[in-house]
Amino acid sequence: MYIFSANATAKTDRAGVAVGQRMPFLVYINFLDLFGAEQLCKIYLINAGFTDVEIEKRKYLSDEALENEELLRTDTALKEALESGYMVRMFEEDNELQ
């Protein structure tokens with residue numbers, strides 16, 4: 001599982017996001033290969049109506065971390081990514097991946 005901190009620019013008006021507005025995202029990708037996960041991250045954001053995707057930070061979560069019940073209980077986005085393969089979360093403010 002990889003978690004990406006990314007920024008992307010809106011191509012169309014969306015609820016609360018104007019055309020050209022740059023937005024921060026956390027994208028969870030349940031994929032083994034970093035290159036493939038990065039490409040999927042970009043594709044998901046492009047399909048969501050954004051462009052100029054820039055990945056700022058990458059974090060790999062080991063299998064041990066993914067089996068941590070406390071982490072799965074507190075991080076609902078992570079749990080959803082494990083179940084569906086990915087999760088995209090957009091933020092109004094610039095939140096950093098730690």
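A nonpolar core is a set of buried Ala, Val, Leu, Ile, Met, Phe, Trp, Tyr and Cys residues joined through side-chain atoms within 4.5 Å. The exercises below use this term on a predicted model.

**Exercise 1. The cores**

Task: State how many residues the largest nonpolar core has and which residues have the most contacts inside it.

Solution. 
- Step 1. The largest nonpolar core has 16 residues.
- Step 2. Inside this core, the most contacts belong to Phe4, Phe25, Val27, Cys41, Leu45 and Phe50.
- Step 3. Two or more residues each come from β1, β2 (22-29), α1 (34-47) and β3 (50-60). With five residues, β1 gives the most.
- Step 4. Take Val27 and leave aside neighbours within four places in sequence: Val27 is in contact with Tyr2, Ile3, Phe4, Cys41, Leu45, Met87 and Val88.
- Step 5. Another core, of twelve residues, lies apart from the largest one; among its members are Leu26, Tyr28, Leu72 and Leu78.

**Exercise 2. The sheet**

Task: Give the order of the strands in the open sheet, and find which strands stand at the edges.

Solution. 
- Step 1. Strand β1 is joined to β2 by eight bridges, and the two run antiparallel. In this pairing, Tyr2 stands opposite Ile29 of β2.
- Step 2. Eight bridges also join β1 to β3, again antiparallel; here Ser5 stands opposite Lys57 of β3.
- Step 3. β2 and β4 run antiparallel and are joined by five bridges. Ile29 stands opposite Tyr86 of β4.
- Step 4. Helix α4 (residues 76-84) lies across β2 and β4, at about 145° to β4.

**Exercise 3. Aromatic pairs**

Task: Classify the ring pair of Tyr2 and Phe4 and that of Phe25 and Phe50.

Solution. 
- Step 1. The whole structure holds four aromatic pairs.
- Step 2. For Tyr2 and Phe4, the ring centres are 6.1 Å apart and the planes stand at 20°. Planes under 30 degrees apart count as stacked, so this pair is stacked.
- Step 3. Tyr2 and Phe4 are both buried.
- Step 4. For Phe25 and Phe50, the centres are 5.0 Å apart with 80° between the planes, and the pair is edge-to-face.
- Step 5. This pair links distant parts of the chain, since Phe25 is in strand β2 and Phe50 in strand β3, 25 residues apart.
- Step 6. The relative accessible area of Phe25 is 3%, so Phe25 is buried; Phe50 is also buried, at 2%.
- Step 7. Ring pairs link Tyr2, Phe4 and Tyr60 into a cluster.

**Exercise 4. Asn7**

Task: Decide whether Asn7 is buried or exposed, and name the residue that its side chain meets in a polar contact.

Solution. 
- Step 1. Asn7 is found in strand β1 (residues 2-10). Nine of the nine residues of β1 are buried.
- Step 2. Buried means under 20% relative accessible area. Asn7 has 11% relative accessibility, so Asn7 counts as buried.
- Step 3. The side chains of Asn7 and Glu56 are joined by a polar contact of 2.6 Å.
- Step 4. Beyond neighbours within four places in sequence, the residues in contact with Asn7 are Arg22, Met23, Pro24, Asp52, Val53, Glu54 and Glu56.

Definitions and conventions
Residues numbered from 1 in each chain as written. Predicted model: local features only at pLDDT ≥ 70, side-chain atom pairs only at ≥ 80, totals over all residues. Heavy atoms only, no water. Helix = DSSP H or I, 4+ residues; strand = E, 2+ residues; numbered from the N terminus. Buried < 20%, exposed > 50% of the residue type's maximum accessible area, 1.4 Å probe, protein only. Polar contact = N/O pair within 3.5 Å; in protein donor to acceptor, adjacent residues only side chain to side chain. Contact = heavy atoms within 4.5 Å. Pairing = 2+ DSSP bridges. Axes fitted to C-alpha atoms, helices over the stretch in contact; angles between N-to-C directions. Phe/Tyr/Trp six-rings, centres within 6.5 Å; stacked < 30°, edge-to-face > 60°.
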